[in-house]
Amino acid sequence: MPQVIRSIEIQAAPTQVWRWFATQEGLRRWISPNIVIDLRVGGRYRFLGPDDQTWISGTVLELVPEERLILSWLEEGSGWENPARLVLTLVQTGAGTQVTLVHDGFEGIGRPDWPGALLDYERGADLHRILDKLADLVYESDGNQ
Amino acid sequence: METNSDALFRSLADPTRRRILDLLVERGPMTVSQLAFEFPGLVTSGISKHLMNLRAASLVSADRQGRQQIYRLEPDAFGALAPWIAKYERYWSTALERLRDLAEDDSAKSKVKSHKTVQRRKIK
């Protein structure tokens, strides 16, 4: 099944890497500057996605400090019936930490109606522009800290 | 194109059909009875119905060999998912680089930096 797999070697111990997973502020520095997340199992999160138009939201499915973070992943307004899944795992290596990311479950999203979803996009375009500005503000204030 | 894509996602929405695709990915082409063996809770005609649906969505194709139909994954079965995959591939490559830089800045004091990544360093 199609999925995104990425792995990176970080020259720092899992404890130090997890610092950037452990708080909303930490996650804002590398996942998205505007993410709002309740960091506990079952907690919800939301942020403006990679295309700066689509909001991503979901829940924390698993949270094991210094080991893994698993999120459900739903693109709002894209006609998805089911979420995809994001799995982040940390493994200690000799030199540091191997961080592996698996983004899968796209085959299960059950997108029912492509033209309909496009229409929703157009209707939501004005809203998106406002949210873009909001995201910029959040980004600027965070960037100055 | 829209209709192809709709059929694809409707077909993929069913967990049994996704499991059939997984099996075809893992093991290569299979007959209906080989597939049915993997689903003891389903009658063979139920499997055949799912296979018809997968064929209609251009996810699998069938060749007749003697009295058996051999099912295989279509080479471009998941083409409609490609835009999502591509978007996130770029996003996650840069996000993980950001994470690495943050974490390594933290521990820079005593450690030699030797950036080794599976990915290209920068993706523009």
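Start with the place where the two chains meet: 38 residues of chain B and 34 residues of chain A take part in the contact, where two residues are in contact if their C-beta atoms, placed from the backbone, lie within 7 Å. This is a predicted model, in which local features need pLDDT of at least 70 and side-chain atom pairs count only at pLDDT 80 or more, while totals for chains, interfaces and linings use all residues. Residues are numbered from 1 along each chain as its sequence is written, and chains are lettered from A and ligands numbered from 1 in the order in which they are written.

**Stop 1: the side of chain B that touches chain A**

Select α1 (2-12), α2 (15-27) and α5 (82-106) of chain B, the elements that each give two or more residues to the side touching chain A. Helices (H or I, at least four residues) and strands (E, at least two) are DSSP runs, numbered from the N terminus. Which element gives the most to this side of chain B? It is α5(B), with 17 residues.

Now colour this side of chain B by residue type: 18 of its residues are nonpolar, six are polar and 14 are charged. Here Ala, Val, Leu, Ile, Met, Phe, Trp, Tyr, Cys and Pro count as nonpolar, Asp, Glu, Lys and Arg as charged, and the others, Gly among them, as polar.

**Stop 2**

Next, show chain A by itself. You will find four helices and seven strands, in the pattern β-α-α-β-β-β-β-β-β-α-α along the sequence. The seven strands form an open antiparallel sheet in the order β1-β7-β6-β5-β4-β3-β2. Two strands pair if DSSP finds at least two bridges between them. At the edges of this sheet are β1 and β2 (36-37) of chain A, each pairing on one side only.

β1(A) pairs with β7(A) in the antiparallel sense, over seven bridges. To see one pair, pick Glu9(A), whose bridge partner in β7(A) is Gln98(A). Then show the side chains of β1 (residues 4-10) of chain A: the covered face has Val4(A), Arg6(A), Ile8(A) and Ile10(A), and the uncovered face has Ile5(A), Ser7(A) and Glu9(A).

**Stop 3: one residue, Val102(A)**

Select Val102(A), in strand β7 (residues 97-104) of chain A. Is Val102(A) buried, exposed or partly exposed? Val102(A) is partly exposed, because 17 other C-beta atoms lie within 10 Å. A residue is buried if 20 or more other C-beta atoms, placed from the backbone, lie within 10 Å of its own, exposed if 12 or fewer, and partly exposed in between.

Leaving out residues up to four places away in sequence, Val102(A) touches Gln3(A), Ile5(A) and Val87(A). Try the distance tool on Val102(A) and Gln3(A): 99 residues separate them in sequence, and 7.0 Å in space, C-alpha to C-alpha.

**Stop 4: the sheet of chain B**

Switch to chain B, with its five helices and three strands. From the N terminus on, the elements run α-α-β-α-α-β-β-α. Of the 124 residues of chain B, 23% count as buried.

The three strands form an open antiparallel sheet in the order β1-β3-β2. β1 (30-31) and β2 (60-65) of chain B each have a single partner strand, so one side of each is left without a neighbour in the sheet. Two bridges join β1(B) to β3 (residues 68-73) of chain B, running antiparallel. Within this pair, Thr31(B) stands opposite Ile70(B).

**Last stop: confidence in chain A**

The mean for chain A is 80, and 76% of its residues reach 70 or more. Where does pLDDT stay under 50? Select residues 113-135 of chain A, for which the model has 18 contacts beyond four places in sequence. Where pLDDT is low, the predicted coordinates should not be read in detail.

Key. pLDDT is the predictor's confidence in each residue, from 0 to 100.
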